[in-house]
Every structure is written in structure tokens, then in C-alpha cells.
Amino acid sequence: NNFDMSSVEALTVEFDSDAYQDGDGANVTPGDLEYDVARIAELKDASDEQKREYFKAIVKEFEGFAQKGVLRVALLPPGRQPLPTKIVLKVKYNADGTYDRHKARGVIRGFLSQLGIDYYASYAPTTMLSTARIVMAIAAKHGVPLHHADIPQAFLQGQVNRPIYVTLPKGIRIKSKILDTLRQTLPEADRNRQPVYRLLKSLYGLASSPHLFSKLLSAFLTKLGLERSRTDCTMFTKYDQQTGKWVIVTAFVDDLLICGTDEAFQATLKDAMMKRFGTDLTWTEKVKSFLGLHCTQSADNHRITVAARYKIDDLFKRINSSVSQFHGAPAPWSANDFKDAHERAETPLTTRQLALKRQFRTVTGILIYVAITVRPDIATILNRCCQGAADPKRLHLVWLEKLLGYLHSHRDVGLIFDGHSTAVIKDVVHPLSQRYAELSELSTLPYHCFSDANFADITDPRLRSTSGYCVYVFGSLVAWHSKRQTVTAKSTLEA
């Protein structure tokens with residue numbers, strides 16, 4: 001009853017970030033910034049060679065801020081606290097494992113921001129992985145190129161909807177003459193206020209940045225004539241009823257997949273994106289990399305392969321320094337592994353198992369990403385391994401050893417999206433439709449779902465069952481799931 005609705009209304013009022021506020025000065029330009037390498041904390045532990053490359057990346061990042069009009073010199077209003085910023089350094093690699101570049105990212109310590117003062121909304125949708133795989137299956141089925149667009153410094157594109165004040169990292173500052181000019185324009189009483197910077201556009205680390213960019217991208221695509229999907233709000237479609245031509249766009253934050261038969265509209269979309277988001281936007285005619293996964297599309301566009309070979313290679317590079325060589329295994333796991341682990345429960349752990357125990361969460365974390373993106377064959381055993389994440393026992397380490405041995409000899413396994421007849425169509429769907437009259441129309445459907453569950457799993461202390469399903473679109477696998485049931489089933493029917 002004491003809730004004040006006027007505060008909520010104040011939060012939702014449109015805010016023009018470009019409009020000058022009390023204490024504002026000029027926008028920061030590339031020539032206004034000064035850099036002191038010795039004071040940049042993030043560079044202290046870098047070698048001389050890396051320091052040079054990282055410094056170039058830092059200058060490029062903050063000059064990009066200035067060119068895009070992200071910062072404006074301002075004096076801090078009474079009662080406000082500026083949000084500190086920092087620099088995140090990283091060496092980027094291509095999906096094939098080759099060196100790309102040294103990268104620096106200026107980010108806000110957004111965990112210090114306050115709801116209702118610095119932001120009022122933070123939700124931002126991202127495309128479901130199954131949606132991205134469905135788009136790949138559609139592109140392969142129709143034999144159209146699957147384009148990939150990467151928007152550079154995406155979060156810098158959105159306009160902030162609240163007055164937000166920040167400070168720059170140590171070692172980066174604005175020239176003193178700029179501040180002197182600002183103070184001269186203010187009354188004598190206001191000249192002692194702290195000089196900071198007001199954000200005109202969103203920045204990485206800001207709680208509302210994903211939300212603001214999502215709104216911007218959605219408005220941009222719908223203005224071009226694309227219609228937002230009701231089932232996945234990050235997918236946009238356009239269909240011309242007269243010509244029958246269509247276009248699909250799906251966005252995972254700043255990574256976009258585009259395919260369709262309307263080549264003229266796709267060219268218009270490419271030009272419009274470069275005008276809106278900058279000419280340094282990356283547009284790949286045939287997708288080569290998406291979310292760190294290596295992608296290839298055949299010459300006739302009817303076959304797309306997606307694999308995580310280089311992520312698996314990187315995983316083995318991380319653990320090989322402390323773990324001996326893994327030997328290939330024909331399968332991810334077997335029932336004998338469970339039996340052997342229990343029979344040797346009191347046996348001390350081997351050197352390799354002790355090393356895996358120390359890195360258990362790191363290894364399983366990488367494998368989880370591989371499993372949910374392109375490797376359904378390891379989903380079940382990985383599920384069992386992760387049950388020991390808090391305190392890995394011998395059983396979990398034996399399973400993880402077996403899984404790594406399997407991956408060691410099966411690194412190139414991935415998803416294949418084939419526009420022609422696939423194995424599941426030839427070996428499963430067609431025989432079922434011919435054998436059973438009630439399934440006669442099964443082969444004409446574009447999608448198929450298979451589900452199953454085991455009963456009284458011996459690997460579970462409470463004998464709980466495991467459910468699983470997989471979904472195919474045009475004969476290509478697009479979704480899968482493996483999960484331990486929450487209760488113990490009393491029969492195969494209940495399982």
C-alpha cells in the first residue's frame with residue numbers, strides 16, 4: 001500500500017542521452033585521450049611483445065569509443081557515484097585454431113550499478129541453439145548460402161536510457177585543457193565537482209546493455225520489413241506471397257545467421273547493416289564460424305557441417321601438462337566402467353585421476369558447451385560425470401577418463417545438415433512408414449521426434465531412470481536432451 005507508482009513512471013520516461021545535462025561538456029574525441037602504459041594495471045604482467053600488441057588493442061578500443069560518441073565529459077552531480085571501468089585483455093583465435101588478434105575490451109563494473117538509478121530493465125533474449133540448427137537445416141534443404149554477420153562493438157550501438165556516469169581505467173585520461181575549458185563555462189560554485197564521463201551509449205558490463213542492444217536490433221530489422229517470430233523472439237522472417245521468396249534471420253546477441261531465396265533483400269540487408277553498424281561489420285558469404293564452432297558449407301550449399309574439433313584440441317592442450325596421454329576408446333562409456341569403479345572403490349587414485357580431480361570443473365565445463373552445441377553422443381555420460389562436480393568420486397573420474405579417451409579418437413565428430421536424404425530418413429523413417437499403416441504419412445513430414453527412457457538405472461543410488469529425446473528437421477538433428485528423472489519409477493511404463 002505504501003508503494004509509490006510515481007517512481008515507476010519516472011523510470012519508464014524516455015530519456016534522450018544526446019541532450020545536454022547540467023554539468024555536461026563536449027563529447028570525447030580520439031585526440032582528447034592520453035595513455036600512460038606504465039599506469040595501465042592490466043599490462044603490468046604482460047611480456048614486452050604482448051604489451052605492445054595489447055596496447056595497440058587498448059588504443060583501438062578507446063578510440064572506437066570516441067569515434068562512436070560513447071563518452072561525454074561531465075561533472076558529477078551531487079549524490080551520484082560514478083561506475084568504475086576496467087580493461088579485459090584476451091588473445092582471439094579463429095574457429096580453426098589459428099591466431100586472430102590481440103583484443104582489449106573496455107567494460108564497466110556493472111555489479112556496482114543500482115536498479116532504478118543506473119538502469120530499470122536488463123532482460124535480453126538470445127536465440128535458442130535449436131533455432132540456429134533449424135536455420136542450418138532449412139538452408140541445407142533449400143540449397144541456399146548460409147551467411148554470417150558479426151556486429152563489431154555491438155553494445156556500443158544502443159542508446160542509454162538513464163544518465164550514467166563512469167570513470168576511465170588507470171593510465172587513460174582526458175587532456176587537462178578539456179577539463180579547464182569545461183570548468184570555465186560553469187558557475188564558481190560548481191567548478192569543484194568531480195570530473196567524470198557520462199555515457200551516451202551503452203557499454204559492456206552495464207546491466208542494461210544487452211537489453212538496449214536487443215531493442216535496437218529488433219527495431220532495425222522490423223523497420224526493414226522483417227517480422228519477429230512469436231516462438232523465438234530473436235528470429236525474424238520475411239515472405240513474399242507473390243514471388244514465394246523468403247529470408248530468415250536469427251541473432252545470437254551480435255552474431256547473425258541469414259539465409260533465404262530473396263537475394264536482392266539480403267543484399268539490401270547487408271548494405272543497411274553496414275550503414276547502421278559500421279563498415280567494419282563482418283559479413284561472411286558462407287558461414288565459417290559461429291559461436292566458436294567450425295562450420296563448412298559445400299559448393300552446392302546442400303551440406304553444412306558443424307564441429308568443435310578445435311575446442312577439444314584446446315581442452316587436451318590444457319590438461320596434457322598434468323595428465324598423461326589418453327588412449328582412444330570406441331564408445332563414451334560402458335556398464336563395465338560402473339562395475340569396475342565399485343570393485344576398486346578403496347584403491348588409491350592414479351596420478352592422472354588426481355590431476356583430473358583438480359581440474360574437474362574446468363574440464364566438464366568445456367565439455368558441457370561441446371555437448372549442448374554439436375556432440376549429443378557424449379550427453380548421457382557427461383550428465384553422469386557432472387553429478388560429482390562438488391566432490392568427484394572414483395566412479396566420476398573413471399567415466400571422465402573414458403569420455404576423454406573417446407574424444408581423443410573422435411575429435412572430428414559433429415553435426416551434419418544434409419539437404420538430401422539422410423541416414424535417419426533412409427534407415428528409420430522410411431521403413432517405419434512402410435511397415436505400419438498408421439505411420440504411412442511419416443516420411444512426408446519435415447520433422448520427427450524420438451524419445452525413450454531406461455528403467456532403474458544401476459548407476460544411480462536410488463535407481464532413478466533417465467529420459468532422453470532427439471528432434472530431426474529435414475532429417476538433420478536439431479535438438480536433444482538427456483536428463484535424470486526426479487523420482488524413482490516403479491515400472492517401465494512409469495519411466
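Helix H5 is followed by Gly225, whose phi is positive, near 110 degrees. Helices here are DSSP runs of H or I with at least four residues, strands are runs of E with at least two, and both are numbered from the N terminus. The model is predicted: local features need pLDDT of at least 70, side-chain atom pairs count only at pLDDT 80 or more, and totals for chains, interfaces and linings use all residues. Residues are numbered from 1 along each chain as its sequence is written, and side-chain values use heavy atoms, with hydrogens and water left out.

The end C-alpha atoms of H5 lie 21 Å apart, which agrees with the 21 Å that its 15 residues should span at 1.5 Å a residue; the expected span is 1.5 Å times one less than the number of residues. Its buried residues are Ser209, His211, Leu212, Phe213, Ser214, Leu216, Leu217, Ser218, Phe220 and Leu221. Buried means under 20% relative accessible area, exposed means over 50%, and partly exposed lies in between (1.4 Å probe, protein chains only). The cover over the buried residues of H5 includes strand S10 (227-228), S11, S12, S13 and H6.

Helix H6 (residues 263-277) also has 15 residues and reaches 21 Å from its first C-alpha to its last, close to the 21 Å expected. In H6, the buried residues are Phe265, Gln266, Leu269, Ala272, Met273 and Phe277. They cover an arc of only 125 degrees around the axis, which puts them on the same side of H6; the arc is that of the directions from the helix axis to the C-beta atoms. The face turned away from this buried side carries the exposed residues Glu263, Ala264 and Lys275. Among the elements against which the buried residues of H6 pack are helix H5 (209-223), strand S6 (147-150) and strand S14 (282-284). H6 is followed by Gly278, whose phi is positive, near 105 degrees.

Most residues other than glycine have a negative phi. Val253 is placed in the loop between S12 and S13 and is partly exposed, with a relative accessible area of 29%. Phe474 likewise has a positive phi, near 55 degrees. Its place is the loop between strand S20 (466-473) and strand S21 (476-484), and Phe474 is partly exposed at a relative accessible area of 23%.

A helix crossing is found elsewhere in the chain. The axes of helix H9 (residues 351-358) and helix H12 (residues 394-409) come within 10 Å and cross at roughly 95 degrees. H9 and H12 are therefore roughly perpendicular to each other, a term that covers angles of 65 to 115 degrees. H9 contributes Arg352, Gln353, Leu356 and Lys357 to the contact, and H12 contributes Arg394, Leu397, Val398, Leu400, Glu401 and Leu404; contact means heavy atoms within 4.5 Å.

Gln114 lies in the loop between strand S5 (99-108) and helix H3 (129-142). Gln114 counts as partly exposed, at 44% relative accessibility. Although Gln114 and Ala207 are 93 residues apart in sequence, their C-alpha atoms are 9.2 Å apart in space.

For the chain as a whole, the secondary structure comes to 13 helices and 21 strands. Buried residues make up 46% of the 495 residues. Of the contacts between residues at least 6 apart in sequence, 73% join residues at least 24 apart.

Key: Axes fitted to C-alpha atoms, helices over the stretch in contact; angles between N-to-C directions. Parallel < 35°, antiparallel > 145°, perpendicular 65-115°, else oblique.
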